[in-house]
Amino acid sequence: MIDDTARTSRQPAQLRPPLQISFEFFPPKTDAMEERFWETIHKLAPLRPRFVSVTYGAGGTTRERTLRMVSQVKSETGVDAAAHLTCVGASRDEVDEVVRGYQRAGINRIVALRGDPPEGVGQPFVPHPKGYRNAAELVAGIRRIGDFDISVAAYPERHPQSADWGAEIDNLKRKLDAGADRAITQMFFSNADYLRYLERARAAGITAPIVPGIQPIHSFKQISGFASRCGASIPTWLADRFEGLENDPETHQLVAAAVAAEQVTELLDEGVTEFHFYTLNRYNLVLALARLLGRRPAEETVSAT
């Protein structure tokens with residue numbers, strides 16, 4: 001029998017190690033989507049995240065919108081905001097100017113990604129003739145411009161273009177050695193994949209935080225599509241849990257909540273104290289997961305003291 005006193009997730013929040021959480025959003029494309037974006041931001045901001053990040057379209061297609069949303073998040077909520085940045089289809093000068101634009105806007109956090117070609121993850125990446133060739137070069141370029149807080153990507157199941165695990169971990173190390181502060185993983189659904197990845201990184205001398213990226217399953221069909229495009233796997237046991245729920249949204253939501261709760265509490269019990277949530281601009285499941293981790297809205301915490 002598992003002893004509750006040995007499980008961090010069963011301890012009072014005040015007795016747990018300090019927790020850090022962050023959230024990822026995508027820039028809305030319509031007025032209705034923007035309304036949902038802001039509703040979600042205002043629901044999650046009281047959880048006091050380390051930062052929220054806003055993604056950046058392939059080839060910089062949402063660059064201006066990303067900058068606008070990041071600037072507004074910081075000014076309206078007081079929460080630090082991070083802008084995503086890729087080097088797909090752009091010269092170094094063009095990328096550097098985007099970085100300086102963030103700097104002028106008071107944005108000092110960047111999620112630096114090489115980015116995938118417009119054709120998709122499985123296609124070979126061809127750098128711009130005058131551009132940064134990879135994420136490590138991009139991180140070094142950002143560092144030359146200013147004192148930014150920089151996050152980079154990590155791949156618990158290995159990037160589709162990595163030849164082997166040695167190449168995968170070497171690439172992560174290059175990004176961190178270039179000046180990144182932390183790595184945030186791609187979504188994964190088997191915690192063993194993340195924990196093995198962490199062991200490989202630590203064995204290679206990497207000491208920087210490697211934050212698990214958690215994807216609540218609002219739509220199993222949608223997330224399965226995302227996973228197939230980015231090289232993340234869907235375990236058979238997970239697919240079985242959602243089988244036959246395409247036309248049963250209520251049960252689907254309950255199963256999704258149970259799956260996500262199981263994942264984060266297991267990681268918490270394994271000693272993980274930092275989490276990054278891919279929100280898809282929705283807040284319900286993320287709010288519940290934060291509560292399970294011991295993080296409650298600021299006003300609720302104050303009223304309870």
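Reader: Which residue just after H7 takes a positive phi?

Author: Gly231 does, with a phi of about 85°. Residues are numbered from 1 along each chain as its sequence is written, and side-chain values use heavy atoms, leaving out hydrogens and water. The model is a predicted one, in which local features need pLDDT of at least 70 and side-chain atom pairs count only at pLDDT 80 or more, while totals for chains, interfaces and linings use all residues. Helices (H or I, at least four residues) and strands (E, at least two) are DSSP runs, numbered from the N terminus.

Reader: Which residues of helix H7 are buried?

Author: A residue is called buried under 20% relative accessible area, exposed over 50%, and partly exposed in between (1.4 Å probe, protein chains only). In helix H7, residues 220-230, the buried ones are Phe220, Ile223, Gly225, Ala227 and Cys230. Their cover includes helix H8 (236-242) and helix H9 (249-269).

Reader: How many salt bridges are there?

Author: A salt bridge is a side-chain nitrogen of Lys or Arg within 4 Å of a carboxyl oxygen of Asp or Glu. By this rule there are 14 salt bridges. In one of them, Arg68 pairs with Glu34, and the closest N and O atoms are 3.4 Å apart. Arg68 belongs to helix H2 and Glu34 to helix H1 (residues 31-44), so this pair ties together parts that are 34 residues apart in sequence. Arg68 is partly exposed, at a relative accessible area of 36%.

Reader: What does the salt bridge between Asp149 and Arg109 tie together?

Author: The two side chains meet at 3.1 Å, N to O. Asp149 lies in strand S5 (residues 149-154) and Arg109 in strand S4 (residues 109-113), so the pair ties together parts that are 40 residues apart in sequence. Asp149 is buried at 18% relative accessibility, and Arg109 is buried at 13%. Both residues also belong to a network of salt bridges that links Lys74, Asp80, Arg109, Asp149 and Arg182.

Reader: How many residues apart are Asp193 and Arg196 in helix H6?

Author: An α-helix has 3.6 residues a turn, so residues three or four places apart point the same way. Asp193 and Arg196 are three residues apart in helix H6 (residues 191-203), and are therefore separated by about one helical turn. They form a salt bridge whose closest N and O atoms are 2.9 Å apart. Asp193 is buried, with a relative accessible area of 15%, whereas Arg196 is partly exposed at 42%.

Reader: Is Tyr56 buried or exposed?

Author: Tyr56 is buried, with a relative accessible area of 12%. Tyr56 lies in the loop between strand S2 (51-54) and helix H2 (63-77). The C-alpha atoms of Tyr56 and Ile206 are separated by 27 Å, and these residues are 150 apart along the chain.

Conventions:
Contact means heavy atoms within 4.5 Å.
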